[in-house]
Amino acid sequence: MSRITTLFILLTFSIGLSAQQTKKVRGEYTYHAPENVTLEEARRTALERAKIQLIADEFGTVVAQTNTTFVENTNGESSVDFQSLGASEVKGEWIETIGEPKYDISYEQGMLVVKVRVEGRIREITTAKVEFTAKILCNGTEDRFEHSDFKDGDDLYLSFTSPTDGYLTIYLLDTHRDAYCLLPYQGDSDGKVLVEHGKRYVFFSQADAPIAERPMVDEYVMTCDKGMESNFIYIIFSPNAFTKAADTQESEVLPRMLPFDKFQEWLSRCRRHDKDMAVEMRQIVVREE
């Protein structure tokens, strides 16, 4: 009986520690957009800055000794110069968004003003994440072709290097809020891509893949059916094996996909259970010729 009681106490303590890893937060941020910023870009920027501000207020920031970063803390609240502060400089990470962010759009003296209210769960970063190197490439597989601005018909490639062995998956979020699985490839029945440390990979290029893997490689061409479209590429890596999202094949000419809210649910679950998982989100713009 004593042993059972001890095991129960240890289990309860373990669950308590797990629950402490995340914290529920809510807040708002107001963004005054420059003249050359579209409404879609302004909404995205306001939301990202709201997330960063909430993390900074809760866990603080890592202040580098540069001439461009300014962080002021008054009564427990951080005031941040976002011209230089990114998600990698706050001592926490955004795990999931609860519900839909609420936006108020207005104009002050001709300037676009976006106010966003958001609620979510965050987690303090207590150990260093794996710092992989990923580059989005346009019309070439060398790193000098790194670019975030594409034209209709341009080829998409991605180079990747990690200091540790691990597992990689890549998704693209389009303007219709659908998440497409770019990696693993459609013909990969294993469902996860193992990468070796220190090795440079080029994905979405048959010519750069090992000969035995070339028939499986999917190559991608970016398209645009209106003036300009913004897409987001999620690069997800962990030294620990994880199960990919439950996406499905909806079209013969498109990668497997799932709605973005289902993708977010999957990613949130993965990050809650894997503190080593690193996620980078990159924006790319596709324009008509």
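Predicted model: local features only at pLDDT ≥ 70, side-chain atom pairs only at ≥ 80, totals over all residues.
Residues are numbered from 1 along each chain as its sequence is written, and side-chain values rest on heavy atoms, with hydrogens and water left out.

The chain contains three helices and 17 strands, these being DSSP runs numbered from the N terminus, with helices (H or I) of at least four residues and strands (E) of at least two. Of its 289 residues, 42% are buried, a term that stands for a relative accessible area under 20%, while exposed stands for over 50% and partly exposed for values in between (1.4 Å probe, protein chains only). When contacts (heavy atoms within 4.5 Å) between residues at least 6 apart in sequence are considered, 73% of them join residues at least 24 apart.

Helix H3 comprises the 14 residues 260–273, and at 1.5 Å a residue it should span 20 Å, which agrees with the 20 Å that separates its end C-alpha atoms; the expected span is 1.5 Å times one less than the number of residues. The buried residues of H3 are Phe260, Phe263, Trp266, Leu267, Ser268, Cys270 and Arg271. An α-helix has 3.6 residues a turn, so residues three or four places apart point the same way.

Asp274 is found in the loop between H3 and strand E17 (278–287), and Asp274 is buried, with a relative accessible area of 9%. The side chain of Asp274 is joined to that of Ser238 by a polar contact of 2.5 Å, where a polar contact is a pair of N or O atoms within 3.5 Å, one of which, within protein, must be able to donate a hydrogen and the other to accept it, and where residues adjacent in sequence count only if both atoms are side-chain atoms. A polar atom of the Asp274 side chain also lies 3.0 Å from the backbone nitrogen of Asp276. When residues up to four places away in sequence are not counted, Asp274 touches Arg123, Ser238 and Asn240.

The second largest pocket has a volume of about 500 Å³ and is lined by 20 residues, of which Leu172, Val221, Met222, Thr223 and Leu254 lie nearest its centre. Two or more lining residues come from each of strand E11 (178–183), strand E14 (220–221) and strand E15 (228–238). A pocket is an open set of points, on a 1 Å grid over the protein atoms alone, where a 1.4 Å probe fits, with protein on both sides within 12 Å along at least five of seven lines, and lining residues have an atom within 4 Å of a point; grid points are joined across faces, edges and corners, and the volume is the space filled by probe spheres set on them.

A cis peptide bond, with omega about 5°, joins Leu183 and Pro184, and Pro184 lies in the loop between E11 and strand E12 (193–195).
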